[in-house]
Amino acid sequence: MHKKSLSSNFKTNVQKIIKSKTTSAFTSALLAIILGLIFGYIIMAIASPENSWEGLKTVILGGFSRFGDVFYFATPILMTGLAVGFAFKMGLFNIGASGQYTMGMYFALYVGFMWKLSPSIHWVVCVIAGLVGGMIWGFIPGFFKAFMNVNEVITSIMFNYIGMYLVDMLIQGNAVMYISSKTRTAYLPASAQIPSLGIPNSNVNVSIFIAVALAVCLHIVLNKTVFGYELKATGFSKDASHYAGMNSKRNTILTMVIAGGMAGLGGAFAILAPSVIPGSSMTYEPINIIAPNGFNGIAVALLGNSSPLGIILSAIFISHIQRGGTLAALFGYKPEIIDVVIAVIIYFSAFSMVMQSAIGRIFKGSRRGRKLESNVNEEATVEISRNDGEEA
């Protein structure tokens, strides 16, 4: 009896894990990744059949040979992914992560060049400045959404362009920050650069730990605090949450401010990263192009199901196959091939929930059929036993 009870409890716990939202999201993401890689292999086979298998292996495994770069490039898209995913939880589509990213980068650059601070705190103040810049650029769409009911998609995407042109104009007009002969910013002072982790030939630095810590903090806020509950409740139903006494206007503004701050930190982490070349640093070229890391953050958030912990894994995965994709050029493939693979993965992630639901219904139907068959057999056995008893 005791063994049966343990077996029953084990089966119950396994079923709970299988049916949990976390497992469901992970299964959906894994299914999207597999389908995306299969599609990518087909594209590679069409482009160059003789190198397709080696090319796919390079895409999948190439990132392991560039371990430091995987985490360096994962850091900014992790932050922009958090910016998009956090807003999703509130029911907001923060498509303005690129503008917030660019504004955070500019604030970090400005403090790095224009403020003379102690080397021990200079880079910290630059990072905080990036946070503030992103928060300011996130506040504006949040304010318009909360008090004027202006769709945040419209305002935030327009502020991508406003932020890009404004930052390019401000940088080109600053003789300290901009070198016109090189059409890019000057090298940042060493005190403004984030401390490196010391991995050879890599820009990876301590910002990866800050980014992961912030993701964990957002997870705790969303799932373990009253504020997080209010945000998610407002996202599910604005009217119901307002009826329950929640301040939806305040929550909308705070959500966009926090999301903007995360994206701004992404820009600061990217531009303040130490360079592998002694005496140099990362630079910015004002060429009127919207920062792609903001849109990559949307892909990261979708693949991570807008969960802060899921976004950590999806950012590392996206960065991993991007590094492998650049190595696929060794087999004659264009680097853009990896963009096709990532696009297909994100495309399938939108449908993976539907496919998983269909598969779940199939298995549920088969289990129901087996249970019905078992009940019929039991009833038949009881009926035969009754008849035998009556004949006796």
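Predicted model: local features only at pLDDT ≥ 70, side-chain atom pairs only at ≥ 80, totals over all residues.
Colour the selection by residue class. The contact between helix 3 and helix 13 has five nonpolar and four polar residues, and no charged ones.

Next, show both helices whole, residues 52–61 for helix 3 and residues 308–327 for helix 13. Their axes lie 6 Å apart and the packing angle is about 145°. Which hand does the crossing of helix 3 and helix 13 have? The crossing is right-handed.

Select Tyr110, Met114, Trp115, Leu117, Ile121, Val124, Ile128, Val132, Ile136 and Val176, which make a nonpolar patch of about 790 Å². Helix 5 (97–114) and helix 6 (119–148) are the elements that give two or more residues to this patch. Which helix gives the most to the nonpolar patch? Helix 6 does, with five residues. To finish, pick Val132, a patch residue that lies in helix 6.

Methods: Residues numbered from 1 in each chain as written. Heavy atoms only, no water. Axes fitted to C-alpha atoms, helices over the stretch in contact; angles between N-to-C directions. Helix = DSSP H or I, 4+ residues; strand = E, 2+ residues; numbered from the N terminus. Left-handed = near helix turned anticlockwise from the far one by under 90°. Nonpolar A, V, L, I, M, F, W, Y, C, P; charged D, E, K, R; others polar. Patch = residues over 30% accessible without salt bridge, like charges linked within 9 Å, V, L, I, M, F, W, Y side chains within 5 Å. Areas by Shrake-Rupley, 256 points an atom, 1.4 Å probe, with all protein chains shown as cover. Salt bridge = Lys/Arg side-chain N within 4 Å of Asp/Glu carboxyl O.
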